[in-house]
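Hi,

Here's the structure I promised to pass on.

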Amino acid sequence: MPSNLPATVDEYLAQVTSEEARAALKALRAIIREEAPTAEERISYRIPTYKFHGFLASFAAFKNHCSFFPGYTVAEFADELTEFKTAKGTVQFSPAKPLPDGLVRAMIRSRMAENLRDHLEKQKAK
């Protein structure tokens, strides 16, 4: 878990002391960037966060686990997440057993599609 306040995602990842956790988070970052190349990457609430017409996803390292925060999309993918600890908008995983790439990709695509639909509906309403 990073101790100093990072200004960038690279700084955040550099502060993750567990090599396994850092590798797992770098893999998540790579997937998010591949699936959402135009998403804004930033630090928000002290963790790496991605925005694409609103909140897309975040991730973080903690002492005993890592978390992926794809928002309410967790409920949509509940059947595929049974092997992981979940909460309303969070999926916890062990760096030794990271989330499957295909599942992360599907969750990011779903979030992007919903955010884009909402954005276009707001534009039409103007």
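Predicted model: local features only at pLDDT ≥ 70, side-chain atom pairs only at ≥ 80, totals over all residues.

In what order do the 6 strands of the open sheet come? The order is S1-S2-S3-S4-S6-S5, with antiparallel pairing. Helices (H or I, at least four residues) and strands (E, at least two) are DSSP runs numbered from the N terminus, and two strands pair if DSSP finds at least two bridges between them.

Residues are numbered from 1 along each chain as its sequence is written, and side-chain values use heavy atoms, leaving out hydrogens and water.

Back to the sheet. Strand S3 (residues 55–61) and strand S4 (residues 66–69) run antiparallel and are joined by 4 bridges; Ala60 stands opposite Ser67 in S4.

Now the helices. H2 (residues 19–35) lies across S1, S2 (47–51), S3, S4 and S6 (90–93), at about 165 degrees to S3. Angles run from 0 to 180 degrees between N-to-C directions, with axes fitted to C-alpha atoms, for helices over the stretch in contact. H4 (residues 101–125) also packs on the sheet, touching S3, S4 and S6, where contact means heavy atoms within 4.5 Å.

Leu99 is buried, at 6% relative accessible area (buried means under 20%, exposed over 50%, partly exposed in between; 1.4 Å probe, protein chains only). Leaving aside residues up to four places away in sequence, Leu99 touches Phe68, Leu81, Phe84, Val91, Phe93 and Val104.

Cheers
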